[in-house]
Amino acid sequence: MLCSAVRSDLNADFYKQTCPDLLKIVRKEVKDALKIEMRMAASLLRLHFVDCFVNGCDASILLDGSNSEKFATPNLNSVRGFQVVDAVKSAVESACSGVVSCADILALIARDSVLLSGGPTWKVLLGRRDGLVPNQRGANLAIPSQYDKLDTIISKFANVGLNVTDVVSLSGAHTIGRARCATFSKRLWNFFNTGGPDSTMEKDMLADLQHVCLVNGDGNETTALDRNSNDLFDNHYYQNLLDGKGLLHSDQILFNGGDDETKSVVDNYRRKPKLFFDDFIKSMIKMGNIGPVTGSSGQIRKNCRVIN
């Protein structure tokens, strides 16, 4: 019943009368941002993900302040692209002031980032309103961490209504983007206090990364999440998992974590790129339906960083 209610509140034509050029405006701004830095596509996609896992898809990730979700442990030195969101919001406000929510802008930006990286497209359901409060504690608890155990990751997805297939398909977003050494360096030197590297990492990749991420380095160097296919949204990420070339621990355990279901889905996506694209679309729509603020609740922020 809840899902039915959500779907009836959100629809792809929500702004057809009130902001008819919305999709064109957002697409142009995202395209301009990716011309400057292609990596930004992954960053914008991640913003939608971390937003929806906390308080639902209400743009709470964008709010500044002492309780900002930006400073939650999973997001610290990780979430970025806020200036692009500001630019999109400014362009949208110039065309239709006070009409389009920041939450809907995040959903559209995520879709366009995938499409402009060579991935699939889909109709984004719209009609979300913006939340009024950030939830830093909720972000610390709800957002999956790169060093979580597989059953913990699956549980965090289940807590927001997403299943195991969603875990594997949405993890495929790591087919684009880069990660800081700090997010995976434990795998290179002292994996879970074993005194050695993660034995599941392919040896040539391990050697390469040990030269990039020095044992006493500051952790700020970056490398591609999807080795040998970092800017193209494709299914190459899953082949890497079979080859022991997943960068983050949370990536590689999808294949080596002892769960037959995730392992099977990984192998299916490796062999069937269309299946991955189809499932990714379904999961993105499903994720975008997590706890939206609709009707007369919330507000339409004029500035995505602060409540009106």
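Contact here means heavy atoms within 4.5 Å. Welcome to this predicted model, where local features need pLDDT of at least 70 and side-chain atom pairs count only at pLDDT 80 or more, while totals for chains, interfaces and linings use all residues. Residues are numbered from 1 along each chain as its sequence is written, and side-chain values use heavy atoms, with hydrogens and water left out. The protein has 14 helices and two strands; these are DSSP runs numbered from the N terminus, with helices being H or I of at least four residues and strands E of at least two.

**Overall shape**

- Along its principal axes, the C-alpha trace spans about 60 × 40 × 35 Å.
- The radius of gyration is 19 Å, which agrees with the value near 19 Å for a compact globule of 308 residues; it is taken over C-alpha atoms, and the globule rule is 2.2 Å times the number of residues to the power 0.38.
- Of the 308 residues, 53% are buried, a word that means under 20% relative accessible area, with exposed over 50% and partly exposed in between (1.4 Å probe, protein chains only).
- Of the contacts between residues at least 6 apart in sequence, 75% join residues at least 24 apart.

**Where H13 meets H14**

- Helix H13 contributes Asn 268, Tyr 269 and Arg 271, which meet Pro 273, Leu 275, Phe 276 and Asp 279 of H14.
- By class, this contact has four nonpolar, one polar and two charged residues; Ala, Val, Leu, Ile, Met, Phe, Trp, Tyr, Cys and Pro count as nonpolar, Asp, Glu, Lys and Arg as charged, and the others, Gly among them, as polar.
- The two helices, H13 and H14, pack at an angle of about 115° with their axes 5 Å apart; axes are lines fitted to C-alpha atoms, for helices over the stretch in contact, and angles run from 0 to 180 degrees between N-to-C directions.

**Helix H8, an enclosed helix**

- Seven of the eight residues of H8 (residues 164–171) are buried, so the helix is largely enclosed by the rest of the structure.
- Its buried residues pack against H7 (150–159), H11 (236–242), H12 (249–256), H13 (260–271) and H14 (273–288).
- Asn 163 caps the N-terminal end of H8, with a side-chain oxygen 3.1 Å from the backbone nitrogen of Thr 165.

**Nonpolar cores**

- A nonpolar core is a set of buried Ala, Val, Leu, Ile, Met, Phe, Trp, Tyr and Cys residues joined through side-chain atoms within 4.5 Å.
- The largest nonpolar core has 75 residues, and Leu 22, Phe 53, Leu 62, Phe 280 and Met 287 have the most contacts inside it.
- Apart from that core lies another, of twelve residues, among them Cys 181, Met 201, Cys 213 and Leu 248.

**Two loop residues to look at**

- Lys 70 sits in the loop between H3 (40–52) and H4 (82–95), and Lys 70 is buried, with a relative accessible area of 8%.
- The side chains of Lys 70 and Asp 64 are joined by a polar contact of 2.4 Å, that is, a pair of N or O atoms within 3.5 Å; within protein, one must be able to donate a hydrogen and the other to accept it, and residues adjacent in sequence count only if both atoms are side-chain atoms.
- Phe 192, in the loop between H9 (186–189) and H10 (203–212), counts as partly exposed at 47% relative accessibility.
- Leaving aside neighbours within four places in sequence, Phe 192 is in contact with Tyr 147 and His 249.
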